[in-house]
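I opened the notebook to look up two kinds of side-chain contact. The entries follow in the order in which I checked them.

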Amino acid sequence: MKIVSALVFSAAAIIAQPALAQAADPSAAHDGLRLETRATWETPTVSSVLQNNDVYKLGSAFAFGGEAGFDLAVSHAVVVGPYVTYEKSNVDNCDGTDCLSAKDNVAGGLEVGYAVGKAGQLYGKLGYASLSLEATLAGDRTTESGSGVEFAIGYEHALSKTFYGRVEFGYADNGQIMGINFQRRHAGLSLGARF
């Protein structure tokens, strides 16, 4: 009887072991509400000038802003969720007092992340972005926006249980602004917190 009891106890312990290991191994997914500050090196560009498909840079400069998102874990390593971004631009292209300046960039869409190890996460974004430009000509100012599809890829690394850092590269096709096709390329860093 003692041998049977010992065998039953041993079998129960072996069966329970994977469950205990699973409980001790929490999800690697980086999920929850997140808020971040962003510093982005951006380059608004012009294409299809006079239908020659040439590309011209409006200029390059830092844009500063923030992003809010909510990531929902859909598996042990994958998160999906919405995001919204706002960045204030500093790009100016002037000839004397006549200038064409990028004012801001507003974007929103869906982000998908995949955990890499305990601290890392690769992510991709697909969304819709709006770029606002201001033209100053002979003292008159005109502001106009264009919008279109944007996408980005990046890497996130946990700095602590709450804070993380990111590096991101992206592209947006902003359609026609003032009759000209504009795009925006960006590469940047961000520091954020998850709650």
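**Entry 1: the disulfide**

I began with the torsion about the S-S bond of Cys 94 and Cys 99, which is about 110 degrees, so the disulfide is right-handed. I used the rule that a disulfide is a pair of cysteine sulfur atoms within 2.5 Å. The sulfur atoms of Cys 94 and Cys 99 are 1.9 Å apart. I found 1 disulfide in the structure.

I then looked up Cys 94, which is partly exposed at a relative accessible area of 43%. For this I took buried as under 20% relative accessible area, exposed as over 50%, and partly exposed as in between, with a 1.4 Å probe and protein chains only.

**Entry 2: what I am working from**

I note that this is a predicted model, in which local features need pLDDT of at least 70 and side-chain atom pairs count only at pLDDT 80 or more, while totals for chains, interfaces and linings use all residues. Residues are numbered from 1 along each chain as its sequence is written, and side-chain values use heavy atoms, with hydrogens and water left out.

**Entry 3: salt bridges**

Side chains of opposite charge can pair when their charged atoms come close. I counted a salt bridge where a side-chain nitrogen of Lys or Arg is within 4 Å of a carboxyl oxygen of Asp or Glu. The count comes to 18 salt bridges by this rule. I wrote up some of them below.

**Entry 4: Arg 34 and Asp 71**

I found a salt bridge between Arg 34 and Asp 71, with the closest N and O atoms 3.1 Å apart. Arg 34 is in strand β1 (residues 32–47) and Asp 71 in strand β3 (residues 61–73), so the pair links distant parts of the chain, 37 residues apart. Strands here are DSSP runs (E, at least two residues), numbered from the N terminus. Both Arg 34 and Asp 71 are buried.

**Entry 5: Glu 168 and Lys 125**

I found the side chains of Glu 168 and Lys 125 in a salt bridge of 2.9 Å, N to O. Glu 168 lies in strand β9 (residues 163–177) and Lys 125 in strand β7 (residues 120–137), so this pair ties together parts 43 residues apart in sequence. Glu 168 is buried at a relative accessible area of 4%, and Lys 125 counts as buried at 6%.

**Entry 6: Arg 166 and Glu 156**

I found Arg 166 and Glu 156 meeting in a salt bridge, 2.9 Å from N to O. Arg 166 is in strand β9 and Glu 156 in strand β8 (residues 140–158), 10 residues apart. Arg 166 counts as buried at 4% relative accessibility, and Glu 156 counts as buried at 0%.

How values were computed:
Helices (H or I, at least four residues) and strands (E, at least two) are DSSP runs, numbered from the N terminus.
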